[in-house]
Amino acid sequence: MAESTGVDRGIQSLIAARKSLKLSLEKSKAIGLALGKTGPRFEEIEQRLPLLEAAVRPIRADGEALKDVGGNINRAVGPAAAVLKVFDAVHGLEKSLLSDPKNDLSSYLSVLKRLEEALKFLGENCGLAIQWLEDIVEYLDDHHVADEKYLSNLKKSLRGLSEFHNDGGGVEEKERSQLRLDGGLRNAALDKLENEFRRLLKDNSVPLPMASPSSLGDQACIAPSQLPVTVIHKLQAILGRLRANNRLDKCISIYVEVRSLNVRASLQALDLDYLDISVSEFNDVQSIEGYIAQWGNHLEFAVKHLFEAEFKLCNDVFERLGLNVWMDCFSKIAAQAGMLAFLQFGKTVTDSKKDPIKLLKLLDIFTSLNKLRADFNRLFGGAACIEIQNFTRDLIKRIIDGAAEIFWELLVQVEIQKQTPPPSDGGVPRLVSFVTDYCNKLIGDKYKSTLTQVLLIHKSWRSERFQDNQLMVEVLRIIKAIEQNLDVWMKAYPDQTLAHFFGMNNHWHLYKNLKGTNIGDHLGDSWLKEHDQYKEYYATVFLRDSWGKLPSHLSREGLILFSGGHATARDLVKKRLKAFNDAFDEMYKKQASWVLPEKDLRDRVCQQIVQAIVPVYRSYMQNYGPLVEKDASSSKYVRYTVVALEKILSSLYMPKPMRYGSFKATPPSEKFKNDVDLRRTTSAVV
């Protein structure tokens, strides 16, 4: 029993020990689990200790430093807060500035100005705010008031801001800095203003309408409509903003582009393709004579109306920017719109082949330019128009030199021609008719004063004196050289009848074409009468030695004696009619190609020939014609009726068709086919 009790106690003890051990194991397991969870918390605490240390560092810092740090921070944060506020304001303007300024230009410009003021404030104060922040960071670092890592991050951020703000000292660097400040908002707004500037110009620039190029004279008082005052004010307002933002050059480029295109559109109706003609495209000045006349009218219209209007408009739009700006703008418009093309055409004429007609055309061009001299000086006299000035001066010099050279060579050219043979038709040589008409033109109302002015200028350039009557003296010398040529040419004819015919022709031409002219007045009545007398003398000799001999073949001698013998009389009449017909045919064949270009002289000479021959022939045929008319071979002897004979004689010496090509200009798109070489107008006698 005792042993049983002891065993029981032992078992209970073991059970108790097992329970105790099991409980201890469970507690150990719980403690292990708890310890496992505690590890990360220790790591977290370890990580937060520096922050706690930094947090309590001000408590450990110097009391004076802690006392001053608040004020320093407030002073630094104040400018920074102001900058941030302005930044917010800038972003608030974005919607307005990205809208179309066309809707409300005044408000748009006002908002843009606010943006410019904001950017100016930011540009001036961002650096100051950054500097204040850098100072407070430095203060915190020096007094160990803040955590080093925190301060390091602040310093890094401030260095980035400083570099962002101060990218350099140049204009481009400052523009890039402002671009970063507003995100490109200002440039976008300025681009919209430029577009609005262009739109206002294009919508209000209307070419001058013209019904046809010939209507220029009717539009003498018409000028292109000026831009409305309200539009000009808008353009000026836009210019002000663009100029303040260094966009003036771009604005001027837009203005020049739009307005020069408008002027060119106005000129298109004039058909100015001829301005591009080169010297190689025409044979001589006379080929483009029509274009030269048009050129003067077109140039006057362009200067007095189109360029005059642009000159005034440039002044109106750009007057607030100064004389140099608007004059430079106008000069570019004039150059791009075609002013230089007008001057180039004049230069092309001066480069053409030298001939007498060219002298007249050069004088026409000089007259046109001289007429516009005051306009040229006013419109193109500024420093900005130096290219047009130089081109104009060069053109005038070429005109004066070319005209003077041709004029002073005229006498020499006339004298040279006396060595050429006279015309085979006994007519007036081209040289004679051309020179008399040409000299009358030179001293006529149209050209005399201009030619005198040109020669005077040319002489002055050479430091030579030009006499008041020198032009007339030179012209008279040319006419007298023509006289000498006539004497030489008359002596060159082997046929004296043709020589007399030539003398009659040409002395009458000089008398008729110089009487009542300035040249004739200076030559005097005695000179003119002398040529009229020469004409009468040569006409008398010519008729006597040619047609005047024919009536002698119709002699009546011996016919009365044979009045009773028809056969004998018939043979004698046949013989004399045959002699007359042969002489007439030979004379007609010889003179059929001769010409009398002056109708009054031709009619008079033909009438004298008719009076010398027809009455004699009529009387002869009335008396003796019946003797042969009944003969079977009568046609051999009666070749002409009285009417036919008179008609033939009355139609003598008709001038031939003009042998010189048309003087009308051909279109510039075609090749010039005129074969006339006007250098021969003073060298071709025939």
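**Helix H12 and its surroundings**

Reply: The buried residues of helix H12 (339-350) pack against H9, H10, H11, helix H13 (356-371), H14 and H15. Here, buried means under 20% relative accessible area, exposed over 50% and partly exposed in between (1.4 Å probe, protein chains only), while contact means heavy atoms within 4.5 Å. Helices are DSSP runs of H or I with at least four residues, strands are runs of E with at least two, and both are numbered from the N terminus.

The model is predicted: local features need pLDDT of at least 70, side-chain atom pairs count only at pLDDT 80 or more, and totals for chains, interfaces and linings use all residues. Residues are numbered from 1 along each chain as its sequence is written, and side-chain values use heavy atoms, with hydrogens and water left out.

Because 9 of the 12 residues of H12 are buried, the helix is largely enclosed by the rest of the structure. Those buried positions are Met339, Leu340, Phe342, Leu343, Phe345, Gly346, Thr348, Val349 and Thr350. From its first C-alpha to its last, H12 reaches 18 Å, close to the 16 Å expected at 1.5 Å a residue; the expected span is 1.5 Å times one less than the number of residues.

H11 itself (residues 323-337) has 15 residues and spans 21 Å, close to the 21 Å expected. Its buried residues are Val325, Trp326, Met327, Cys329, Phe330, Ser331, Ile333, Ala334 and Ala337. They pack against helix H9 (248-268), helix H10 (289-318), H12, helix H14 (373-380) and H15.

H15 (residues 386-416), one of the partners of H12, also packs with helix H17 (residues 448-461), at an angle of about 100° and with the axes 9 Å apart. H15 is therefore roughly perpendicular to H17. Angles from 65 to 115 degrees count as roughly perpendicular, those under 35 as roughly parallel, those over 145 as roughly antiparallel and the rest as oblique. The axes are lines fitted to C-alpha atoms, for helices over the stretch in contact, and angles run from 0 to 180 degrees between N-to-C directions.

On the H15 side, Lys397, Ile400, Asp401, Ala403, Ala404, Phe407 and Trp408 meet Leu451, Val454, Leu455, Ile457, His458, Lys459 and Trp461 in H17. The residues of this contact divide into 10 nonpolar, 1 polar and 3 charged. Ala, Val, Leu, Ile, Met, Phe, Trp, Tyr, Cys and Pro count as nonpolar, Asp, Glu, Lys and Arg as charged, and the others, Gly among them, as polar.

Ser463 has a positive phi of about 55° although it is not a glycine, and with a relative accessible area of 69% it is exposed.

As for the chain as a whole, it has 24 helices and 0 strands. Buried residues make up 43% of its 686 residues. Among contacts between residues at least 6 apart in sequence, 82% join residues at least 24 apart.
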